[in-house]
Amino acid sequence: MKLNRREFLSLSGKSAAGAVIFAACSIPEKELIVQSPVDMPEDLVRGIDTWYATSWNEGASGDGILVRVLEGRVKKIKGNPDHPVNRGGARSNLDSAIQLHYNPDRLHDHKIRRSKKGILSNISKNEVNKLISNATSKDKKIVVVTNPTRSTEGWVSQKFAESRGGRYLTFEALEESNLYEAIYDIFETNEIPHFDIANADNVLSFGANWIQNWISPAGYGDAFGKLRSGNRGFIAHVEPRFSLTAANSDLWISPTPGKEAEIALSIANIIIKDKLVPDSQIKDFLNKFPEGKVEFGYDPVDVQTRTGVSAKKINEIAYRISKGNSIVMAGGSTSAYTNGKFNTYVAFSLNILLGSIGKKGGVILNPEIKSDYIGGEAKPNSIKDWQEELAQWRAGYVDTVIIKGVDIAYSMPNSLDIKGALANVENVISFGNIMNETLDASDIIIPETTFFEEWGSEIPNPLPGYKTISLQQPVVIKEGPGASGAVSYVDKLIDLEPSIGSSNKSLVKKVFENEYNNSQNTGSVIAENENSFMNGVQQRGGFWNTNEIKDSKNIRLRNPFEYSNGNSFSDVDSSYGEEFHLIPFTNTLMDGKLSNSPWAQQTADGITTAVWQTWVEINSNQAKELNIKEGDIIFLKSDSGEIKCLAYPHPAVQPGTLCVPTGQGTLKGGRYSSDRGSNVLKILSGKSDEESGAFAWASTKVSLKRAGGNEKLPKFEGNVEAFPVEPGVPVLVVAPGQTAHEAEEENHHKYQEILNFRKHDDENNNENPKAEKGH
Amino acid sequence: MVTEEKRSWGMVIDTDKCNGCSGCVTACQVENNIPLNDQNKFERGRAMSWIRIERYWEGEFPDVKARFIPVLCQHCANAPCEPVCPVYATYHNDEGLNVQVYNRCVGTRYCANGCPYTVRFFNYWEPVWPEDLRNHLNPDVTIRSRGIMEKCSFCVQRIKRGSRKAKEENRELQDGEIKTACQEACSTNAIVFGDLNNPNSEVSKLSKSESDRKYTLMPQLNTDPNVVYLATIDPLKYKDLGEKAKSNDH
Amino acid sequence: MPLVGVGGITTLAIVSILLAGLMNAWLGQPLPVLGFEQTVDQPINFPHTKHAGPIEEGGLGMDCTYCHRTVAKASSAHIPAVELCASCHRAVGSYESEDLTQLRLNSGIYEDQDNNQVIVDSEMASPINWRRVHRLPDHVRFVHSAHINYLSNNPSAIENVPNHTNIEGMDAVQPSQVCSTCHGDVANMEKVYQVEPLKMGQCVNCHRKNGGPTDCAACHH
């Protein structure tokens, strides 16, 4: 159609006008609103927020937190600055717990499986209560399983198990029961001592990833900040794997796995030979060692050959930690070999050599707290205990098992065959929030309250040097959004056995009533009567008393070489296909607890920035030799199973080791945890420490096989491969006393050549130093 | 006729204290209703996080180091993102903040083009919040829909709340009263936020006392950022303790 | 010239409608949307005149903040819970009025079969689903408390002062004297309707006049 200019203009004018009229005419009054598509309840009364002090027993062992509640919903968590354990610090994954409370896959109904091979179906509360009462009646043999906890929950679990003549066991994935054993053997106490890192001058840690997630990371994080301020402290870390603690240490030592004790004794050797500490301390230390063993058996040059660690580094550490207040701590993978107890024990004994026990800035022993209504132990049952226990289950000697707070079907290694054991127990009753492998293997599922809806008390682990009891209190109602149908674990057990108490709330109150009666107006809350005291406790989030400390310095050092398995973990100790040493580690997902929280899943791992999948860290050079690129699909096979991971080569992996994170790979979970990754906990070796029976999860060997495919590993750093950059350039690094400006200048000179920005001209430099300054 | 004295919000981040735990990252996500980053987003390189921990490797095994630095919107006084917005959706307010006005943004993404720190993020997709997860959304922060730029706002909602509270109670704003979410979450106190115009605030004091270690990111670009970093100290910077000492080959 | 043909009439129609729209816009009259000059029917016809109306005119002269309690403390003025109404109306008020019967039902008070007894049953109580009258455009965070605080300390900026209140020459006034600026004379409204357009232009004008923040981030964040 031929259009001349005039017609074109009039047409376009009309169509524009048409558009305007069309819009202006039919104005539906209420619909002219452009509403936010996420349908925020903007018409609701915008309330004023309230903050409650509470704590998260299961996930954050007694850390004090403040929870923001707005219109009856939990919005945010932050650390409680008042609380002596974490002093306002928060774990990185703390907020993720909110998404476990409001998870779209949260269970609201009781479920039952009427026969072992049947499927799970919903059941009404009344019906299931009858079945539960039958299953837990006085004549049944009962076992109660929870996570390690020292709280009213632990006490109630214990009492309930006792009332039926049964047993109460605890399980922790990647357990550190050797740590508790070693501490008991030296300090004669079950309490992990308080490491006064904030006031220390040097911290030497063996395997304990204290900066990231060992025992009390929020408290240690706060201490780390203080250590780095003012009089800056020195941190050294000994661990085969490059953990976050290793990344933040000033000196990282990567010995052959299992040889940490050699490093410790070599450090002792140097200190003793060069007399770096007073004679009395040397004497105390050497008293129990076989004559000459340390002085002649652990020369740094020999140790360098045996462990692969440079003697210069061992020297550096020895010289540094003998000056000022030093702390030596051990845990994590160090205590999880077949000679784990020996390693841990030797490392802790260095504190005696350095004379740091009971001193400020040193290792401060914690008082043992007894409370009538708090029970349980921080130390989990060892794998030996569990092997014996599960044998009983398999033989059919147990009628009912009650499981809460721990996903044993997911976390136990294949060697224990937990699913087979569960199949032989007549009634498996589990408490849980979101479907997981244990719930899937159970006969009755009870939807549980989260810590936002529940009372509790907890003795933090470790204590801050004096008596502390944290309070957990409900901040939202049980029938609120996300929770309807939830049942309190403690209230349920009390229901089944009323002689234990009247309710969870009353038990928690009794705990603090005892404190009120015993404290005699000292401590963090001073009140005239019990009710005001409880109010005060609720406001502060717990009760602590700096006067209740431990005085004694009961140290009984015995000859560590009496441990028969000293140094027994070696290359000879191999299992199936012994090419690589497998090092499992926990990060934001913990032991799988947070795998249903998208916030936790999407938090980039500190070292690799990888998310949402299971990866295996392998040394860059070794990967090149083996022709492995990032994202290659790798199969790792141990003597008890095989998993599939995506390769992630980076410079900091010890050649010969492979590091795999835990948390993914659940066979049954919510939408955010299903069908992703692999569960490395399953293929860990069934070995245990011969001395103590603890789980030797760090003693697993695997063979590596390339599957030939490549998947993109989801990580925050995008397509960037992990390669080393010019030191000190992207993140400016200064030496003590150097200014940032000087460091920048230095970088300019050093790296201009390499980066070819400008030709390095010596003459020009000398004549015109200022010429370099222009950016 | 503005009667309150001018504040200038700024931040000091001590990279020596930052341990790379990503607590700030999660706290920021929670506070600001940032859309969930599922695996798909990471694979496409579109994961959104207003504050991120950048990790750089140095050296080869066993003398390898990792350095962490949290990077967020620098709230540059001379911001390259501000003058280029065709609808004036981003501007510098008189308290020193680089403000992003969500309802004005039309999504040209010209601002993100100019930002040298890559701290601006665009909502390529509509945020999806399953019914139950909506319960934890923070009502103080607008939820951005598809097509809108967003970035760190120095928790402007907290600044407004705190300022208002102080004004209602007829008193001065105390230092430390307004804490950004990242500052609150940082257990090592590596992040310090406050009023640079207040000589007694912790940020001002830190800037003075630690001025030896002070530096800003990419100073050659002349963006004049309000976020100051303190350099990491390495006591072994000039000491060479390494030799590739591995004698056992695995 | 022949009179306009068919095509001409269409063009004329379109142009005249367009002109009408333009005139409308030019005269600056905000379109009656978003509640402006509209009124809605509430589930219970709560008469402000009886409660807050001036005593001279037969009302009770109640203070605005007796019911809208959080106006000086929070962002929203807050419609009170039914319990507040029931605190008086469990005893006061006729039994014939439909509205009051409905109110009592909402408060969990009802009459039994004999029509004599009044029984309280809190299980039956439910909130009243009030319908929104005043509506601001989207993406605005309006905070009542900031405005109440400013206006009660600077009464010269208060507008729409109703005839029955006298705030001449005062240095500071009660929060309830301030409401009329945006809400008009609610005390004399049988049915509440929105008197001001409450668009951004109006807000910015008042802010400019009185030295309030004109920073975008003040309201849009």
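Reader: Does Ile215(A) count as buried or exposed?
Author: Buried means under 20% relative accessible area, exposed means over 50%, and partly exposed is in between (1.4 Å probe, protein chains only). Ile215(A) has a relative accessibility of 15%, so it counts as buried.

Reader: Thanks! What kind of model is this?
Author: Residues are numbered from 1 along each chain as its sequence is written, chains are lettered from A and ligands numbered from 1 in the order in which they are written, and side-chain values use heavy atoms, leaving out hydrogens and water. Local features need pLDDT of at least 70, side-chain atom pairs count only at pLDDT 80 or more, and totals for chains, interfaces and linings use all residues, since this is a predicted model.

Reader: What is the relative accessibility of Asn33(B)?
Author: Asn33(B) is in the loop between helix 1 (23–31) and helix 2 (39–43) of chain B, and it has a positive phi of about 55° without being a glycine. Asn33(B) counts as buried because its relative accessibility is 2%.

Reader: Which residue is joined to Phe61(B) by a cis peptide bond?
Author: Most peptide bonds are trans. Here is a cis one, with omega of about -5°.

Reader: Which residue of chain B does Glu717(A) touch?
Author: Contact means heavy atoms within 4.5 Å. Glu717(A) lies in the loop between strand 25 (700–710) and strand 26 (733–734) of chain A, and at 16% relative accessibility it counts as buried. Not counting residues up to four places away in sequence, Glu717(A) touches Thr608(A), Thr609(A), Tyr648(A) and, in chain B, Arg55(B).

Reader: How long is the polar contact between the side chains of Glu717(A) and Tyr648(A)?
Author: A polar contact is a pair of N or O atoms within 3.5 Å; within protein, one must be able to donate a hydrogen and the other to accept it, and residues adjacent in sequence count only if both atoms are side-chain atoms. The side chain of Glu717(A) has such a contact of 3.2 Å with that of Lys715(A). With the side chain of Tyr648(A), the value is 2.6 Å.

How values were computed: Helices (H or I, at least four residues) and strands (E, at least two) are DSSP runs, numbered from the N terminus.
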